[in-house]
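Here is a friendly walk through one protein model, strand by strand and helix by helix. Keep the 3D view open beside you as you read.

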Amino acid sequence: MERYICIHGHFYQPPRENPWLEAVETQDSAHPYHDWNERVTSECYGPNAAARILNGKGRVALVVNNYSKISFNFGPTLLAWLESNAPDVYQAILDADRESQKNFSGHGSALAQAYNHMILPLANARDKYTQVLWGIRDFEHRFGRRPEGMWLPETAVDLETLEILARLGIRFTVLAPHQAKRVRRIGEREWHDVSTGTIDPAMPYLCLLPSGARLELFFYDGAISSAVAFERLLDRGEDFAHRLVSAFSPARTGPRLVHIATDGESYGHHHRFGEMALAYALQYIEANGMARLTNYGEYLERHQPTHEVEVLANTSWSCSHGVERWRSDCGCGKGDRTGWSQGWRAPLRQAMDWLRNTLASQYEEKARAFFKDPWAARDAYIEVVLDRSLHNVEHFLHRYGANSIDAQERVTALKLLELQRHTMLMYTSCGWFFEEPSRIETVQVLQYAARAVQLGQELFGVDLEEEFLALLGRAESNVPAYGDCRRIYQELVTSTVADMQDAVAHCAVGSLFETYPKQAKVYCYTLDLEERREFRSERAFLAVGQVLAHNTVTTEAAAWLFAVLRVGDYDVMGRARRLQAQDSYDSMVYAMAEAFQGQDLQQVVRLMDHHLGVSSFSLASLLRDEHRKILRQLQDSALTKAEAAHSLLLAQEARIVRSLSSMGMPLPRTLFLERSFFLNRTLRKALSSEGLEPGRISSLLEEARELGLEVDRSELIYLLEKRLEREMARLLASPGDLLILQAVAADVTAARAVPLPLDLGRTQGLYYRLLVTLYPSIQQRAREGDPESRRWLSLFESLGEKLSVALPGAS
C-alpha cells in the first residue's frame, strides 16, 4: 500500500518541582487533583496507555495502548515525574516504544525532546547544545536506544539548532508547514517559494546545512492538525479517520504520507475522551484497509526525500510572529483579556539573560578548580540528574573532576552544576507563553531563577538578588495587586524557599502529630533521627532530639539539634541549629525536661532560646503539603466535636433552611455557606466509609439540589472514581481473592446507583487486564469442573456486566 498515515502527539508538561525540594507541591488550580501533572496524567497520559474501544452496544470491547500505534514524544522532566508518581503509565510508554518497533520495521515511535522545553532560537549556543544533548541522554537512559528524531520545543527552529541536531546524530525533526521557506527537487537548481504555508506535507524533505551536514524534515498537515486541536474533530473517531484519509489525492501516484502533529494532551485532556476517538480511528483505518499506519523512522527507511527544503529561521508552530511569543508583546496568548499587555515578556527575558550571563562567568572561573572542563562537566551532568546515588556521583566526579576531592568539595562541585541546571530550567517556555506573569508557569521559572540566585550567593559570596529584582521591576503585571514581577517574586516565590533547616523543622513539628520513622524522607532530604526524647503533660508536649540531615541532590550533610513544644492543638514553637562540637545534648535535655515537668513552659522556651538560638519555627513551618494535611486533621477533629455538641442546633437549622426554601426565599449568605460546608463534609465521609450507601448519598445530593446548596461535584466524582480504582488495583494484586472480588462488585454496584457522571475508564482498564491475562485460564479450569473457579468466573463475569465490559465471544 502506498498510502501512509502517521499521527504525532507532543506530550509535555513544564517542570513543576519546587527547586528546593525537588518535588511538586499542591497546586490548587488543579483541584480536585494534587497538581496539574496528576490531573493531566489521569485525563490523558494514563487513558492513552489503556484506551477503550466500544462495540455497537456501548460496551468496552478492546483496550489498547495508543502510543504503540502513533509517533510520540514525552518531555524528559515529565517522564521523570511519571517514573516516580505514575510508574504503571511510565512503563506503558516504554513498552509502547518496544511494541512500535515490532509494528514499524524496527523503528520505535518515541522521539526525543530538547530537555526542559527551552525556546532554542532564543538560547545561546552553549545552552542549545546542552539542551539537545540532555534530551538525547535522557531518552537513551529511558528507552534503551538512540533516538532517530527529536521534537523541538514549540517546533521553534533556527539553523544553529539544526546544526546541533545533526552533529549529535539526530536524523529528523518535525515542523509546521509555515516554517518552510522554499523547496526544489534534489538535483534541480530552481527553488519554489512555499513561505505562506503551501509546502506539500505528504513527503519528507532534505535540509542541507551550511556546515555540509544534512537533516531530514517533515512538515505536518496544518489543516487536519488544527481540526484535531481546535475544531472538535475528536468528537467521533470515525470522522477523524475519514478526515485523515480525505487528505490523499486520487490524482497523485507513488507513496504519500498524511501526518499530523498536535499537543498530545488533545487526546483526553483538552478534549474529553479524545483518546477513545484516537484509538477508534486507528483501528478503523487498519480494519478497513484505508491506509498503512507508520512512524517517521519507518517511512524514511522506505522513502528517501526527493526534494530539498530551506527553513524560515526563528519560527515556531504556536506563534504567527516567529518566536516573539517568548520575548515580546506580540499579542499571541492574550485571549479575550482586553487592555492587557504582554510587555512584561521582554524585561523578564532580559532579567533572566543578565542572571545567566553573570553567573556563567563566575561558574566558569570557580568550576576550573573542580573540573577538567567546566562546560563538558555540565554537558555530562545529566548522568547524575538521572542517578543521584553516591556511587554514581563519585564515578562522575572521578571521570570529569580535575583532582581528587573531599566530601565538602564534592558538595561545592555539585552546587556549581545545580546552579547551571537551574539557569537552564528558568528558561522553560511556559514562563512566557501565557497572558500574565503571576500565573503558576511564570512563578515556576522565577523559582528556578531564585534558586540560581541563592546558589550564586553560597558559591561566590555575591548577592545578585537586589539587581535581579530591579530588572524584574520593569516587567509589569496586568494584575494591580501585584504590580510587577519584582513583587510577584517577593510574594509568590520567596515563600517557597526551603533549606536544610526547614526540613529539620518540618520533621520536628511533624513528629508531634504523627509517628516518624528513624529515617524519614522529606522530599530531597533524608533525616536520620539519631536521638529523640519526648515529654507529655495534660496540655503540652515537648520533643527534643538530634537528627542527621542529608541533601540527596548536593550530598550536603549536617547534624542538628532541635526542640519543639506544642501547647493545645495549634500553638507550636520550636528551635533548631547545627550541632557543634562543644554541645552537651544530655544537659540541654535534662534542663528542658526539668522545666517542663515543673510546668514552667516559659522557662522551656527560654532554654530553647539559650541552647538553640532565637530563630524559631511553628506549625506554619511544616512544608506545604504536610501543613495542609495536619491542619485538615485538626480541623476534622474540631468539627467532629462541634457536630456532636451542636447536633440539635444543626437539626433546627436544617428545618429553617427547608422552610425558607419552600417559600422561595434565598438563604442568608452565612447560612448558605455553613450548610454547604457541612453537606460537602458529610458527602466526603459517606464516600470514604467502609460500605458505600448509594441511597444516602443520593438523598444528600437531592437535598443539595432542592435547597440550592453548593456541592463540589468534581471532588465527589474524583473520590468515587479513585475509590473504585484502588479496589480494582487490590483485585489485580490478589486476583484469586474472592472476598476482594465481591467487595469490588459491591462498590461498583453502589457507585453506579449514585447520580454522578463517573468515568470508569481506569477501573475498566484494570478489569480488562485481568480479562485477557487471567480469565482464560480460570475459564478452562471451570470447564474442567473446578468449583472455586466456577464461583470466581460467575463473580468476575457479573462484575464485567456492571462495568459494561464485553466478555470474549459475547454478542
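Phe-11 stands opposite Phe-74, a residue of strand β4. This is a predicted model, so the positions described here come from a prediction. The strands β1 (residues 3–11) and β4 run parallel, and 4 bridges join them. Strand β4 also pairs with strand β5 (residues 110–113): these two run parallel as well, joined by 2 bridges. In that pairing, Phe-72 stands opposite Ala-110 in β5.

Which way do the side chains of β4 (residues 71–74) point? Ser-71 and Asn-73 point one way, while Phe-72 and Phe-74 point the other way.

**Strand pairs side by side**

| Strand pair | Direction | Bridges |
|---|---|---|
| β1 and β4 | parallel | 4 bridges |
| β4 and β5 | parallel | 2 bridges |
| β7 and β11 | parallel | 4 bridges |
| β16 and β17 | antiparallel | 11 bridges |

**A sheet with mixed pairing**

Next, look for the open sheet of 6 strands in the order β7-β11-β10-β14-β8-β9, where the pairing is mixed. Its edge strands are β7 and β9 (192–193), each of which pairs on one side only. Helix α5 (residues 159–167) packs on this sheet and touches β7, β10 (205–208), β11 and β14 (307–311). The direction of α5 makes about 115 degrees with that of β11.

Zoom in on β7 (residues 172–175). Phe-172 and Val-174 point one way from this strand, Thr-173 and Leu-175 point the other way, and all are buried. Strand β7 pairs in the parallel sense with β11 (residues 214–219). Across that pairing, Val-174 stands opposite Phe-218, and Leu-175 stands opposite Phe-219.

**A sheet with antiparallel pairing**

Another open sheet has 6 strands in the order β15-β16-β17-β18-β19-β20, and here the pairing is antiparallel. The edges are taken by β15 (519–522) and β20 (616–617); each has a single partner strand, so one side of each is left without a neighbour in the sheet. Within this sheet, strand β16 (residues 525–536) and strand β17 (residues 540–551) are joined by 11 bridges.

How do helix α2 and helix α4 pack? Helix α2 (residues 76–85) and helix α4 (residues 125–143) meet at an angle of about 30 degrees, and their axes are 10 Å apart. Angles under 35 degrees count as roughly parallel, which is why α2 is described as roughly parallel to α4. Their crossing is left-handed. On the α2 side, the contact is made by Pro-76, Leu-79, Ala-80 and Glu-83; on the α4 side, by Gly-135, Asp-138, Arg-142 and Phe-143. These contact residues divide into 4 nonpolar, 1 polar and 3 charged.

Helix α4 also holds Lys-128. Is this lysine, Lys-128, buried or exposed? Lys-128 counts as buried because its relative accessibility is 2%. Leaving out residues up to four places away in sequence, Lys-128 touches Leu-120, Pro-121, Ala-123, Asp-158, Glu-160, Thr-161 and Ile-164.

Notes
Residues numbered from 1 in each chain as written. Predicted model: local features only at pLDDT ≥ 70, side-chain atom pairs only at ≥ 80, totals over all residues. Heavy atoms only, no water. Axes fitted to C-alpha atoms, helices over the stretch in contact; angles between N-to-C directions. Parallel < 35°, antiparallel > 145°, perpendicular 65-115°, else oblique. Left-handed = near helix turned anticlockwise from the far one by under 90°. Contact = heavy atoms within 4.5 Å. Nonpolar A, V, L, I, M, F, W, Y, C, P; charged D, E, K, R; others polar. Buried < 20%, exposed > 50% of the residue type's maximum accessible area, 1.4 Å probe, protein only. Pairing = 2+ DSSP bridges.
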